[in-house]
Protein chains: 2
Amino acid sequence: MSARQMKLGAFLWATGHHIAAWRHPDAHVTAGIDIDHYIQLARTAEAAKLDMIFCEDAAGLREANVQFASQTARSIGFEPISLLSAIAVQTERIGLVSTASTSYNEPYGLARTFASLDHLSGGRAGWNLVTSASQIEAANFGSTGLRPHADRYERAREFAQVVTGLWRGDGNGGLNHDGQSFSVRDALDLPRSPQGAPVMVQAGASEDGKDLAARTADVVFSAAQTFEEAKAFYDDVKRRLAAYGREPEDVKIMPGVAPVVAATEAEARQKHEELQELIPDEVGVALLSSYLSISDLWRHPIDGPLPDLPESEGMKSRQALVVEQSRRDGLSIRQLARHFAGARGHWRIVGTPAQIADELQARFEGGVADGFNVMPSWFPGELDAFCALVVPELRRRGLFRTDYEGRTLRDHLGLKRLA
Amino acid sequence: MSARQMKLGAFLWATGHHIAAWRHPDAHVTAGIDIDHYIQLARTAEAAKLDMIFCEDAAGLREANVQFASQTARSIGFEPISLLSAIAVQTERIGLVSTASTSYNEPYGLARTFASLDHLSGGRAGWNLVTSASQIEAANFGSTGLRPHADRYERAREFAQVVTGLWRGDGNGGLNHDGQSFSVRDALDLPRSPQGAPVMVQAGASEDGKDLAARTADVVFSAAQTFEEAKAFYDDVKRRLAAYGREPEDVKIMPGVAPVVAATEAEARQKHEELQELIPDEVGVALLSSYLSISDLWRHPIDGPLPDLPESEGMKSRQALVVEQSRRDGLSIRQLARHFAGARGHWRIVGTPAQIADELQARFEGGVADGFNVMPSWFPGELDAFCALVVPELRRRGLFRTDYEGRTLRDHLGLKRLA
């Protein structure tokens, strides 16, 4: 391989990323707890030579209202470490990235678990670091409530430092870390793992988030609707690397993309509209509320504009994205809800394989993405379609690998070998 | 099945339970991080129709001295949840029991992980609750040090209550637990798991430990050298059940047993002696020190008696076991070290298949055990020998199943169905 090629992840999530995925006529409603379903998705992604599968995580019922949770069938599913460990021994090459929280874990335990996954997968593990921004999780882990944003990132910085120290065997037989939030004496009770250290992924887009990513991440999963947003984010993160003695190629920036593909554009648009029609307004508004970290959005007229919002300790960057979109396109609450419910704030492309490849190529060659984290609207249908239709088109253009170059996730991503 | 039959577990542990297992000429020194090794062991146990495999856990380097840790190759290995999740999708029927600590986890996270394992294994998960008695782990999870014994059990009681509440779906849509150590609002973000709730296992033998077992355990893993010790423990735990509205058959008591089996007694004795000869005195004394929760045992003459011991906040029952044995048999430190290093305080039987079956039968029919947790001295050799030689002998006597009666671990153990 000589030319630069894009990296591709498959973001797996129960019935699918579209909030009405579970209502799709071919959806598998209990997908979230069907291990054979997940193994099949991972094998599909592996057969297409994708870099990795990616799992999100939150320890709680995603929607405050339990009825919505079961209705949307989105927050119901396997805990991701057990899920990826099972998938590890049913696949050979594909990377396995799981989200885990720095707020509700301890670094020694988390470092051990991911090192264990790296060993049992032969060097395919990755950790997507999140600080957990939801009140819902906070209420399941003690009564102290959600920590302020800056405090979460302070803890996350130290957490990441301890974890990477344990993975890399710092300290000559014992870590002896004694810091603000954590005190850890031993070395890890596992040998150095096959990758030297599991891959570090991050998705935070606040100032603190981008800074932490520049300091520690190998991969950044981002959300950007437009080319300009993607470019601003890309340039910003790459620019921050030098301060930590890192090169631009040390971090792969992979925005999320929600493709809806079919042989003809009309067919693709029809597939997309069929799912959009299935979004209940209550569900759309509830999801929008969670992005905005407010609870009383439903009190405002659904065909009116977004109200003014209080200062948030939740996902600052996600809130800003919604407000920006609302202003740019003058959308009502209902329109915004439907828009974000469909692709969860991520970039959506509806079209033919060539049209989708064109769009991905433009961002990849335009220097605003090193690859993409693919978020199929429903499983298995839309992942199958992406792998069968878009991947071959990217391959024909020389933009994606024809086979894995190595055995580990670090190999796939073209990251430097660790000392 | 009409007659009562014994339950059998295979306690898996890297190279083996004998402290010198890694020095055995046929040992697989990197067994602890070889997933294929573990999958093969699990399949051997499943082919023999054993009830479960069992994994211990501690988040730290077991021996304070890192050199000893790598020398013994015993505290090096997979984190058990990732290990058992991988094994789950490579086996069909055998139960999967993992140890996890109530001191270094949060109940919502732990309940989720085991429910997830129960889903992905089709109802074969079990949790062995431990409170974590070692200073070594404490030093990896903050600077507060080891909690006093009674406090650990107070926390464990509340932890178990929250976890079982989450598993069983108490609280009609939200647990809303607000207690001394934990505050948990949501219901679990998984449907009720195939077993209704994973099986609860416990191994504590202190007053607090036995009381907690009587309150919550389905299986108790115990350590007893003699018939009389086993009887006292068995009767004590069964007697405590009534106070919690439970029947004697609701809890299966499975003492550990370390069998060394061969076609002739002479051959079995020789196999055993060969391993005993491989125990370095330093390693034996270091292990004995950890059982006694003291650090300066090596200062005392190795051929002299055990010194008087200070009051311990560590494993009270294990310490008592060592002291009792020392007094009963008048053993020196070296002799005690070698004795405990060999079988780690558990019951050892060396002999022919018939001799071993006789001993197991005597305890099973003598009403001091409902089954046994088998601790092979080295893997795979001694597990293979047990399954090939002892299991068929037990089966001939009608003491063990010829095939699984059901699909879940609860089915295998003959536990009542949960409401």
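This is a predicted model: local features need pLDDT of at least 70, side-chain atom pairs count only at pLDDT 80 or more; totals for chains, interfaces and linings use all residues.
Let me begin with the contact between the two chains, which takes 45 residues from chain B and 45 residues from chain A. The size of an interface is often given as the accessible area lost when the parts come together. Here the area buried between chain B and chain A is about 3,800 Å², and carbon and sulfur atoms give 59% of that area. On the chain B side, the residues that lose the most area to chain A are Arg112(B), Asn140(B) and Asp189(B), which together make up 14% of what that side buries.

Two salt bridges are counted between chain B and chain A. If you look for Arg112(B) in the structure, you will find its side chain meeting that of Asp57(A) in a salt bridge, with 2.5 Å from N to O.

Let me now turn to the packing of helices within chain A, starting with helix 4, residues 107–120, and helix 6, residues 149–168, whose axes come within 9 Å and cross at roughly 45°. That angle makes helix 4 of chain A oblique to helix 6 of chain A, and the crossing of these two helices is right-handed. From helix 4 of chain A, the contact uses Pro107(A), Tyr108(A), Leu110(A), Ala111(A), Phe114(A) and Ala115(A), and these meet Phe159(A), Val162(A), Val163(A), Leu166(A) and Trp167(A) in helix 6 of chain A. By class, the residues of this contact divide into 11 nonpolar, no polar and no charged.

Glu207(A), Lys210(A), Asp211(A) and Ala214(A) in helix 7 of chain A meet Phe233(A), Asp236(A), Val237(A) and Arg240(A) in helix 8 of chain A. The residues of that contact divide into three nonpolar, no polar and five charged.

Finally, the axes of helix 1, residues 35–47, and helix 14, residues 381–396, of chain A come within 10 Å and cross at roughly 15°, which makes helix 1 of chain A roughly parallel to helix 14 of chain A. Their crossing is left-handed, and the contact is made by Leu41(A), Thr44(A) and Ala45(A) of helix 1 together with Leu383(A), Asp384(A) and Cys387(A) of helix 14. These residues divide into four nonpolar, one polar and one charged.

How values were computed:
Residues are numbered from 1 along each chain as its sequence is written. Chains are lettered from A and ligands numbered from 1 in the order in which they are written. Side-chain values use heavy atoms; hydrogens and water are left out. Contact means heavy atoms within 4.5 Å. Helices (H or I, at least four residues) and strands (E, at least two) are DSSP runs, numbered from the N terminus. Ala, Val, Leu, Ile, Met, Phe, Trp, Tyr, Cys and Pro count as nonpolar, Asp, Glu, Lys and Arg as charged, and the others, Gly among them, as polar. Buried area is the accessible area (1.4 Å probe) that two parts lose on being put together, summed over both. A salt bridge is a side-chain nitrogen of Lys or Arg within 4 Å of a carboxyl oxygen of Asp or Glu. Axes are lines fitted to C-alpha atoms, for helices over the stretch in contact, and angles run from 0 to 180 degrees between N-to-C directions. Angles under 35 degrees count as roughly parallel, over 145 as roughly antiparallel, 65 to 115 as roughly perpendicular and the rest as oblique. A crossing is left-handed if the near helix is turned anticlockwise from the far one by less than a right angle, and right-handed if clockwise.
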